[in-house]
Amino acid sequence: MSILIDNIGELVTNDEGAGLLGLRRDVAVVVEGDRIAWIGPSAQAPASDQRIDAGGGAVLPGFVDSHAHLVFAGDRAAEFGARMAGEPYTGGGIRTTVAATRAASDDDLRRNAGRLVAEARRQGTTTIEIKSGYGLNVEDEARSLRIARELSDETTFLGAHVVPAGSDPGEYVDLVRGSMLAACAPYAKWVDVFCDRGAFDEEQTRAILTAGKQRGLGLRVHANQLTEGPGVRLAVELGAASADHCTHLSSADVDALAGSATVATLLPGAEFSTRSPYPDARRLIDTGVTVALATDCNPGSSYTSSMPFCIALAVRDMRMTPAEAVHAATAGGAKTLRRDDIGRLRPGARADLTVLDAPSHLHLAYRPGVPLIRQVLHNGIPSNY
Ligand code: NIG
Ligand code: FE
């Protein structure tokens, strides 16, 4: 089954073409099965079984949301309300979600996570990483990852989110890197640690990441969200694919990232929802750091599944250009997942793409809050919105 997409206003390839986004005009795309088969001048497009008329809209790679916490129950709207009335964000509310998650049935967790994946898809996201981290015991972490795996291949073991209420920190770290890791590793591609004030320190983070690496998991770190600290340095030292948040960085942190293969994943939804200062994206990019954008979708610090919203924040409040933000939300996310089959449009790549109800990528930030996603192809299968 082949699909021809034509009447494209602008094609963002992140590959061959003009500028950072590899922009092409007057081209058509042919999808065969779950792959891109052909990109070329519209006049030379081969015959296909089906046609999608992009109506002059821009076509982009599907968004790659490389940081999301979707397996949980309940919400924390009251905590958000209190924060907007002046309370600080400390991460302490994580334990509220842990209690609700433990009490929920598998089906409730599956339904809630599935709802959020569908919500993200309607906003153009075709790949979403899903973390555990609201179970915090062997059984509930393993079931969180089993459910996450039903929805995504990009699953992350975050048993080291916080020390659960009533546990001794040292004993908990031993549990995480011992039997919890053993139970969770079969369902996870990645291991992540929240290395920050009130969560895990350098030694604990190193012990858990090292154990995960020995099990064959790739590394990610929640680093430098609440304070400057060892997270980013450790991520670089241990070869993590991504250091996420990067809100409070020293010059040494920025330099370490610039000289490494570790991507800085910025999560402006978290700063928005916790009313915190944004990370200095300009400084990172200008120093040569690769930057990705993701939602951090979770019920505490960033309850949004919208990559277009994060792009708009990155442009308006983090001084990224629209091209930088779109690139970070597509190719950047793919890089943090160490994937080259997504995040760019070229023959052989996965047929994951979005058609906008707007003629160029600029409109994603220029028209904030407007539902501009007209159509999404995921694995070559179209849905209309
Ligand atoms: O990435 N910082 C740690 N974890 C999440 C917040 C989780 C929560 O508050 O429930 C984050 O922001
Ligand atoms: Fe997070």
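Mentor: A residue is called buried if 20 or more other C-beta atoms lie within 10 Å of its own, exposed if 12 or fewer, and partly exposed in between, with C-beta atoms placed from the backbone. This is a predicted model, in which local features need pLDDT of at least 70 and side-chain atom pairs count only at pLDDT 80 or more, while totals for chains, interfaces and linings use all residues. Residues are numbered from 1 along each chain as its sequence is written, and chains are lettered from A and ligands numbered from 1 in the order in which they are written.

Trainee: Why does His67 count as buried?

Mentor: His67 has 31 C-beta neighbours inside 10 Å; the definition asks for 20 or more, so His67 is buried. His69, with 29 such neighbours, is buried by that criterion too. Both His67 and His69 are found in the loop between β8 (63-65) and α1 (77-84); helices (H or I, at least four residues) and strands (E, at least two) are DSSP runs numbered from the N terminus.

Trainee: Which residues does His67 touch, not counting residues up to four places away in sequence?

Mentor: Two residues are in contact if their C-beta atoms lie within 7 Å. On that basis His67 touches Glu129, Asp244, Thr265, Leu267, Ala294, Thr295 and Asp296, whereas His69 touches Lys131, Gly133, Cys297 and Asn298.

Trainee: What does the UniProt annotation "binding site" cover, and why are its residues said to gather at one spot?

Mentor: The unreviewed UniProt entry lists His67, His69, His222 and Asp296; its annotations may be inferred rather than shown by experiment, its feature names are shortened, and its positions follow the numbering used here. The four residues span 230 residues in sequence, yet no two of their C-alpha atoms are more than 12.1 Å apart, so they gather at one spot.

Trainee: What makes the chain as compact as a globular protein of its length?

Mentor: The chain has 13 helices and 19 strands. Its radius of gyration, taken over C-alpha atoms, is 20 Å, close to the 21 Å that the globule rule (2.2 Å times the number of residues to the power 0.38) gives for 385 residues, so it is as compact as a globular protein of that length. Buried residues make up 56% of the chain.

Trainee: How do you know that the buried residues of α8 line one face of the helix?

Mentor: The buried residues of α8 (residues 251-258) are Asp253, Val254, Ala256 and Leu257. Seen down the helix axis, they fall within an arc of 160° (the arc of the directions from the axis to the C-beta atoms), so they line one face. The face turned away carries the exposed residues Ser251 and Ala252. The buried residues pack against α7 (231-237), β14 (242-245), β15 (263-266) and α10 (281-286).

Trainee: Which residues touch the most other members of the largest nonpolar core?

Mentor: A nonpolar core is a set of buried Ala, Val, Leu, Ile, Met, Phe, Trp, Tyr and Cys residues joined through C-beta atoms within 7 Å. The largest has 123 residues, of which Val29, Val59, Leu293, Ile311, Ala314 and Ala325 touch the most other members. Its largest share, seven residues, comes from α11 (residues 307-317). This core draws at least three residues from each of domain 1 (2-62 + 343-384) and domain 2 (63-336), whose bounds come from an automatic or database domain assignment.

Trainee: How many residues of domain 1 are in contact with domain 2?

Mentor: In domain 1, 21 residues are in contact with 24 residues of domain 2. On the domain 1 side, β18 (373-378) gives the largest share, three residues.
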